Amino acid sequence: MKANLLSKKIAFYVLIIIVWQGIDSAEIWPDNMFPSPVEVGEDLLYGLSDGSLFYGIATSMWRLIIGLSIAIGGGMLLGIYMARVETVNQTIGSLVLGLQSIPSVAWVPLAILWFGLSDSGIIFVTAIGAIFAVTINTYTGVKNIDPSFIEAARNMGAKGSKLVTTILIPAAFPYMITGFKQGWAFAWRGVIGAELLFSFLGLGFLLNVGRQLNDVSQVIAMMIVIMGIGILIDGFVFKKLEDKVMTKWGLR
Amino acid sequence: MGKIEAKNIIKYFQHDGKPLKALGGINLTVNDGEFVCIVGPSGCGKSTFLRILAGLEKPDDGEVLLDGKKLVNTGPDRIMVFQEGALFPWLTVQDNVEYGLKVAGIPKNERHDISKRYLDMMQLSQFENSYTYQLSTGMKQRVAIARALVMDPDVLLMDEPFAALDSQTRDLLLVEMQMIWQKTKKTIIFVTHNVPEAAVLGSRVAIFSHRPSVVKKSLDIDYKRPRVTEDENLAKFEKEILSALRHQGPK
């Protein structure tokens, strides 16, 4: 079953590459607009061999991890406060919903003005793009906790930060994971978008270099790398974490 | 010690935006080591009364005293066993049972010793590493009772803990509950809508009236233990409880 699924996937991607090569061989568009898979592959290999690709990936990932960590920490804190203190929800809660609708790249001009062309600016954009997804899911998770869990814990003497760490966070965790997953997706978009506009190292920067050099195959190569990292993190980090939590919590 | 006194407890519900008097001045004293069952028509507020004793809800008037001291908040001196158990699904059986001890800052070794004693008592020793979703409803309630007992509370408050059980499991737990009471000498207040259950468990049964409810009748059940539901000598007590319940339909 599992091998069958894998072979289907491989066959699909092989088919895409064959079709792609076929279109390229038909010479409909010039090579500098529509590169062949071989050219893109060569660009990837070149990036690997001179190390620039690894450096780009490492830079982007490092910014992502810092930004996402800030978003997860801050989002959980804010979400828990919103769920537990009605006044916070009525005031900050409405603002959060509004801020959530701002695309993360729209924060770039502000980030440049505040932080200059620096890592901090890109991390700011990454974090702010992800924080509200974490906040909203944490809020929903805490709101959906069976009230008897909280009552039982208070009855047994838990209060304040102990109640938060031993009950609120674990009980809301299945929802929070959804927030982390959405947050990661927003953060990844945010970090690449910001790097494009900041033009300051990272995969987004390499993408922009491709455009400046009119190197279509480099552009496509970078897009494939960005997508590949997305698939890997989604499938290996978050899917695994989600499965583990869902099983342990008895939700599946 | 565990003498709990409820003095003139009054509580209003919100019903369609209007206040509805549920508890109309409950007076009930439960002495240390007594096993009191509370029965009453559905909607009379007996569970609410229990929650007020636990400090999980505030009465609109009246006060609750534990060994003469006025109670304001909830706390581990009165542990509640919830109808559905309220077990934490992210913890194993053992971690559930040790939860309150951990909150109290008791060191690990000591926690294990205490929890082991009660896991054995509730016949859960083989399930200490299971998660609650792997357990039957009856096992879950055993865990909930063990979790309450480890806290060594002055008073054990039980809110229809056997309502969702099949009759075989319930009969078993009814006998075990009496043995636990005899062994631990705890003060127990047990809310139920099941009259035979009240007659089997209670050394006294307090019968609540329809709302606004008051304690309509308090019936001592002076009979040897352990009792079983099919014992015909309990029938006369059950009849007395039932007739007290019947004489008081909605006004």
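Let's start at the interface: 15 residues of chain A are in contact with 21 residues of chain B. Contact here puts the C-beta atoms, placed from the backbone, within 7 Å. Quick caveats. This is a predicted model: local features need pLDDT of at least 70, side-chain atom pairs count only at pLDDT 80 or more, and totals for chains, interfaces and linings use all residues. Residues are numbered from 1 along each chain as its sequence is written, while chains are lettered from A and ligands numbered from 1 in the order in which they are written.

Back to chain A. On its side that touches chain B, the elements giving two or more residues are helix 7 (147–155) and helix 8 (160–198) of chain A. Helices (H or I, at least four residues) and strands (E, at least two) are DSSP runs, numbered from the N terminus. Helix 7 of chain A has the largest share of that side, six residues. By class, the side of chain A that touches chain B has six nonpolar, five polar and four charged residues. Nonpolar covers Ala, Val, Leu, Ile, Met, Phe, Trp, Tyr, Cys and Pro; charged covers Asp, Glu, Lys and Arg; the others, Gly among them, are polar.

How do those two helices sit? The axes of helix 7 and helix 8 of chain A come within 11 Å and cross at roughly 165°. Axes are lines fitted to C-alpha atoms, for helices over the stretch in contact, and angles run from 0 to 180 degrees between N-to-C directions. That makes helix 7 of chain A roughly antiparallel to helix 8 of chain A; the cut-offs are under 35 degrees for roughly parallel, over 145 for roughly antiparallel, 65 to 115 for roughly perpendicular, and oblique for the rest. Helix 7 of chain A brings A:F149, A:I150, A:A153 and A:R154 to the contact, and helix 8 of chain A brings A:L163, A:T166, A:I167 and A:A171. That contact counts six nonpolar, one polar and one charged residues.

Now chain B. It is divided into domain 1 (1–77 + 155–251) and domain 2 (83–152), with bounds from an automatic or database domain assignment. Their centres, over C-alpha atoms, are 24 Å apart. Across the boundary, 12 residues of domain 1 of chain B are in contact with nine residues of domain 2 of chain B. Helix 5 (167–184) of chain B gives the most to the domain 1 side, three residues. That side splits into eight nonpolar, two polar and two charged.

Next, the sheets. One is open, with six strands of chain B in the order 6-7-8-3-9-10 and mixed pairing. Strands pair if DSSP finds at least two bridges between them. Strand 6 (78–81) and strand 10 (215–220) of chain B are at the edges with a single partner strand each, so one side of each has no neighbour in the sheet. The twist averages 20° from one strand to the next. Strand 6 of chain B runs parallel to strand 7 (155–159) of chain B, through four bridges. B:I79 has B:L156 as its bridge partner. Strand 9 (204–208) of chain B runs antiparallel to strand 10 of chain B, with five bridges. These two form a hairpin with six residues between them.

The other sheet is also open: four strands of chain B, order 2-1-4-5, antiparallel pairing. Strand 1 (4–15) and strand 2 of chain B share 10 bridges, and B:F13 partners B:L20. Helix 1 (46–54) of chain B packs on this sheet, touching strand 1, strand 2 and strand 4 (61–66) of chain B.

Definitions and conventions. Contact = placed C-beta atoms within 7 Å.
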